[in-house]
Every structure is written in C-alpha cells, then in structure tokens.
Amino acid sequence: MGEIAFQIRELNEKIERESAFVDMINNEIRKVIVGQKHLIDSLLVALLSDGHVLLEGVPGLAKTLAVKTLADTVEAGFARIQFTPDLLPADLIGTMIYSQKKEEFVVRKGPLFANLILADEINRSPAKVQSALLEAMQEKQVTIGSHSFELPEPFMVLATQNPIEQEGTYPLPEAQVDRFMLKVVITYPTIDEEKLIVRENLNMNFPKAKMIVKPEDIKKARNVVKEVYMDEKIEQYILDIVFATRFPAQYKLEQFSSLISYGGSPRASINLAKAAKAFAFIRRRGYVIPEDVRAVCHDVMRHRIGLTYEAEAENVTAEDIITEILNNIEVP
Amino acid sequence: MKKDLRIMKSIILIIGFIILFDVDTVVAQLIRVHATLDTNTIELGGHVNMHLSVEKPAEAIVEFPVFNDTLYEAVEIRRKSKLDSSRAGRNIIILKQQLTLTVFDTGLFYIPPVPFVYKSERFVDTIRSAANYLEVRSFPVDTTYAIRDIKGIDKVSLSFREIYPFVLIALGLILIVWFAIYYYKKRKLNEPIIARVRPVDPPDVIALNELEKLKNEKLWQQGKTKEYYSRLTEIIRTYLEGRYGIMALEQTSFEILLAVHDILGTGSNYTLLKNMLELSDLVKFAKADPEPGENMNQLENAVGFVNNTRHQQKEEAGELSQDQYHETVTDVI
C-alpha cells in the first residue's frame, strides 16, 4: 500500500482524536434506544454539520425519546415545545413584559433560547408559528421588541411530525421544509429489537444516558468536519445527483420528467456535501467517498423533490426517484 | 259351362285391369305438385315469392323444371333458392323450391302451370301445377306536389380495398424519400450506406485490451496517478458489468464488493479486487500517492483478476497453462 498524502493522514489522526465522543454518544444513546441506528446516525450527522432535522414517523417509534436522549448526552440547554393550534410566536421566541420593580418593559426569552430544541408535532401549529421557528433556524437569532438576540451555539432544531394524521394540521410549506438539513423517516423496529423493547418495559428497566459532551466539543468537532477533504470528483457526483432531480432527461431518466415538478435547490447540494462530510467524520475518515454521499442522500433529498399529480396517481414517491437516480448516476 | 265362362270373363277382366293400370301409373297418381304465390298483387318492381313443391313417394323420380331469368313473358325471376327436401311420412318426400319474382310493367299477368317431369323405367309423364295470376299495380301519384328530379345516387363510403393501392404508393414514396435523405447524409459524412455490424468482443477481451492501452499511456509515470486509478477501476467495473451483470459503474466500491462476494465468495480473486478498489478510492478521493511498484502491481492484479474470472467457456476453448497465464500477464504489464 502506498503512502497517503500527508494532509489527509494528519486529518485522519485529528479525526481519530476529535471523534472519540461520537462513539461515546452512540453508546449512551444505545443504552436507551433499541435499534434505530439510522436515526441515531442522522442525528449525529445534523449535530456535526450544524443542521436541523425533521423526523417523520408514526407515533411510538421513539422519536421524542431519541431527541431527549441526545440532549441528555450533551451538556447543553434542552427545550421541548409541543406545537398546538393555539401556540403563538411569542410562546416560542419570548416577549416583552412590564416589570413593576424596574418600571419598564423587560425581555422574557422564550424556550427557543436553548441549544437543542425539540419541536414536537410541528405541523399542528399554524403557519405564523412555524415561520417564527424556521426564521430562527435560518438566522440563528430572534428579534423581541426592538432588540435582536443571538441564539446559543450549538443551536439545533429537531422537529417531529406524524405522517398519518393530516386532519387539523398545517403542512409545512416547501420553502420552509427546505430549511431542514435532513428529513429522517423512522421505520418500525425489527422483531428482535421489539422483543427487547417489550422485555425492558416489562422489567421497568429504563436506563438513563450520561452527560458526556460539552458544547465546546461539538463546536470543535464541527470545525474538524469542515476540514474533511472532499475531492472534485465527489463534488461532481453530488451535483450530478441534484441536477438529475432538476433535469432528469439529461441523465437518461426521461421517465421522471413528468413526475418531478421541481428538483433540489442549491441548498440541497450544500447540505448533501455537508452531510457527506459529517458522515465521513462519523466513520473516522478524513475524506469523503461516494458511500458517504449515498448514505445521506435520501435524508437530504426526500423533502426537496416536488412531485406532480401524475407521480401521486402512479404511487411514485420521492424515495423511488432518489433510489432510481442513485442507481443510474455513474459513481466516480 | 256357364259358370266356367263367367270365371274366364273375370280373369280376362282382371288381366285387362292390370294391363290398363300398371304400377307406374298408380305411382304417378300418388304425386302431387303445387305452385303458389305469396300474394297475387304487387306494386311495380316489387317482389313476390312463388313456392314450388312436389309431394312424392320416396322411390319416384320427379324433375323440377329448369328456370332461366324469365318465368313467363314479363315475369322475371330475381332469385332461386336451392332445392330442399323433407320427409312427410314413412314413404313420402316433399321437395321445395322458392322463386322470387318481379315485374316491371303494370297489368294482370298470367303465370302458366309449372311442369314437373315424372320418370320411370317404362315411361315419362309431365305433371303440372295449377296456373296463377299476378296483378301489378303502378304507384299512386300525388299531383298536388311539384314535379321534382329523380332521387340521386346514394354515396357509398370508400372501402380499404379501394384505397389500399394509394396507401401502398404513398408508403413507397415515403420510403424512397427517406432513403434518398439517408443516402445523401451518409455520402456527405463519407460513411458506408449499410454499416457493418462488428461482432462484440467478450468483456474479458475488452478489459485486457483496455488495460494494455492504459499501460501504454504511462499515466502514473507522468504524475497522473489519480487519472490512472480512475481508468483502472473504470475498466474493471465495466468488465464486472459485462461479465456478471453487476451495475458496477453505478455502484460504490462497497456495493461492488458486496455483489462480487455473492458470486466469488472470499477467495483470492475477491481479495485482489478488494485491495484494488480500496487503494483506488484512496487515490481518487484522499490524495493518496502510491509508490511506483504499487501502481504496477495494481495493473498486474487487474489483469490477473480478469484472467482468473473470465468466462468458463472461453477457458475451455483455449485454456491457458500456468506458464501461458504468466506470459499473458507479463505481456500486458
């Protein structure tokens, strides 16, 4: 075996050092959550690449528990906000209240001023509340009265939504869904995993995750993730995937031209690259390989592809389209 | 004496009767013929059916008359049905025929009796039906309306049979025009009019040729190591696609190894491929710069992998000995 370029080798060593906490977080979360490996990986990818996650799954799949457990492992502020139809933007970001003691209006910060936010059932609140949250996600700051306040670092929103109950909900507009780096679809556990879940619950055995990471560790890890080497070939591969969602015919996927109403935005390319780097970091690599891109592609792209009525009529999903694109784009 | 005379008279009388009314005559008496019309009144040019029937003993031979286009004078025959026979009793047969008649003149027309011929071994007789008459009336004219032209000829839509010669001509013309354009383009590009189809080489032959080409290009010697490994893996992935039907060009190294593992197991060929792909990934995506000896080894490994895994049939046809195999590898390297 030949010699790996010096910078990459150095970076690999750095990653070995800095990513040690990834295994520790993994171990702690696995103490609490049975199975859901993909969910845990996705949460770590988002945490390391400064992204937000939209979790979708039927009730009872440990969405909320997973987020709470992740928060438990990080020594950081955690807030859970249950989105309801009567929630107001001020309930999220905070408001000005009159202090009789000071005889003036003072700022009372809302639950958004925490490091990890769990926005439970985000689609149960009206658009103005969703907008307030999504604006904070994008700007990393909120304005109360005439003052702007920076949100703490790291700031990560994990929103959940239930795909089956659509009555009385406010579906997130496409432009706002795009702000979530990943949309993770949570599936049912396997039969063995569920057997273990049942046993643990019957024995009333509920382990707790230990706090093992400080916000500074995450910030440091994020800086290392930025250094992960991404070759030009991988960049081209990412662009090919995103462009194939916009112009399928150019990639010999004419059958999708009538099924896709709009493809991934430039934000899709950026997030695919960032997520691939974070995934490589989790796998203790200082460089990105096509496997990393493919591993995160579904989560990054599934909420960024608009389907036509024709696609809905033919039961073609964004998942099918992404899978087909990955199977047809030449890997570098 | 008187009594004998009376007996003699009776015998003579009986013999006379037998001579007078022989069997044939009796049979002829049993034959009945009919010729009846549906109606006796029609309008000018209208049709009327005439039913002819013969009721006869089974052994009797009766011939129907042969009709031409005209039955009698102005009475024309439009259609004739086939002769139909049916059994009406133990020994009685009925023969039937229907004639459709028309008349293009007005008046009362006489239709004479229709003659049927009875034939036996000893004599021929003609049996006739009853005569008929047919009254042909003209149309009533309503004089209160103005005089107008005779109704025009009905238009009949064209059938495919009528237009298909034209369709064939049109298709022929299109074909000629297409061929003329095709011919012109080919001549302009200086290409042969009918392209010869080259037989496709098997994947192993293509791969070995490409590896030979790659060796001659001396890419890594010029510092183009990344390009060298990209080409090397592309050749091997194309070979895997042709050889095993694995969509290797659209798969990552991990996926390729997974698919190959199912086919080859974890033998030496799998290890060769695994090392090659892993090192190539490092060069392509992690700026790795292998030593010259390693670069040569990888090409040698690629040739070895192709030779070891090429199609069985090919090996059987010209199986290489161990020495020949090494010669091939060395030739390419």
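Over all chains, the count comes to 25 salt bridges, a salt bridge being a side-chain nitrogen of Lys or Arg within 4 Å of a carboxyl oxygen of Asp or Glu. This is a predicted model, where local features need pLDDT of at least 70, side-chain atom pairs count only at pLDDT 80 or more, and totals for chains, interfaces and linings use all residues. Residues are numbered from 1 along each chain as its sequence is written, chains are lettered from A and ligands numbered from 1 in the order in which they are written, and side-chain values use heavy atoms, with hydrogens and water left out.

I'll take some individual pairs first. A:R284 and A:D23 form a salt bridge, with the closest N and O atoms 2.5 Å apart. A:R284 sits in the loop between α11 (266–282) and α12 (290–301) of chain A, and A:D23 in helix α2 of chain A, so this pair ties together parts that are 261 residues apart in sequence. Helices here are DSSP runs of H or I, at least four residues, and strands are runs of E, at least two, numbered from the N terminus. A:R284 is partly exposed at 22% relative accessible area, and A:D23 is partly exposed at 37%. On that scale, buried means under 20% relative accessible area, exposed over 50%, and partly exposed in between, with a 1.4 Å probe and protein chains only.

Next, A:D50 and A:R222, whose closest N and O atoms are 3.2 Å apart in a salt bridge. A:D50 lies in the loop between α3 and β1 (53–56) of chain A, and A:R222 in helix α9 (residues 215–227) of chain A, so the pair joins parts 172 residues apart in sequence. A:D50 is partly exposed at 27% relative accessibility, whereas A:R222 counts as buried at 7%. A:D50 and A:R222 also belong to a network of salt bridges with A:K140 and A:E153.

Now the domains. Chain A is divided into domain 1 (20–86 + 114–217) and domain 2 (228–328), with bounds from an automatic or database domain assignment. Their centres, taken over C-alpha atoms, are 23 Å apart. In contact, meaning heavy atoms within 4.5 Å, are 23 residues of domain 1 of chain A and 19 residues of domain 2 of chain A.

How much area do domain 1 and domain 2 of chain A bury between them? About 1,700 Å², with 55% of it on carbon and sulfur atoms. Buried area is the accessible area (1.4 Å probe) that two parts lose on being put together, summed over both. On the domain 1 side of chain A, A:D178, A:M181 and A:K183 lose the most area to domain 2 of chain A, together 31% of what that side buries. Four salt bridges are counted between these domains. The side chains of A:D178 and A:R267 meet in a salt bridge at 3.3 Å, N to O.

Last, the two chains. The contact takes 24 residues from chain A and 21 residues from chain B. Together the chains bury about 1,900 Å², 58% of it on carbon and sulfur atoms. B:E250, B:F285 and B:K287 supply 36% of the area that chain B buries against chain A, more than any other three residues. Two salt bridges are counted between chain B and chain A. A:R294 and B:E255 meet through their side chains in a salt bridge at 3.3 Å, N to O.
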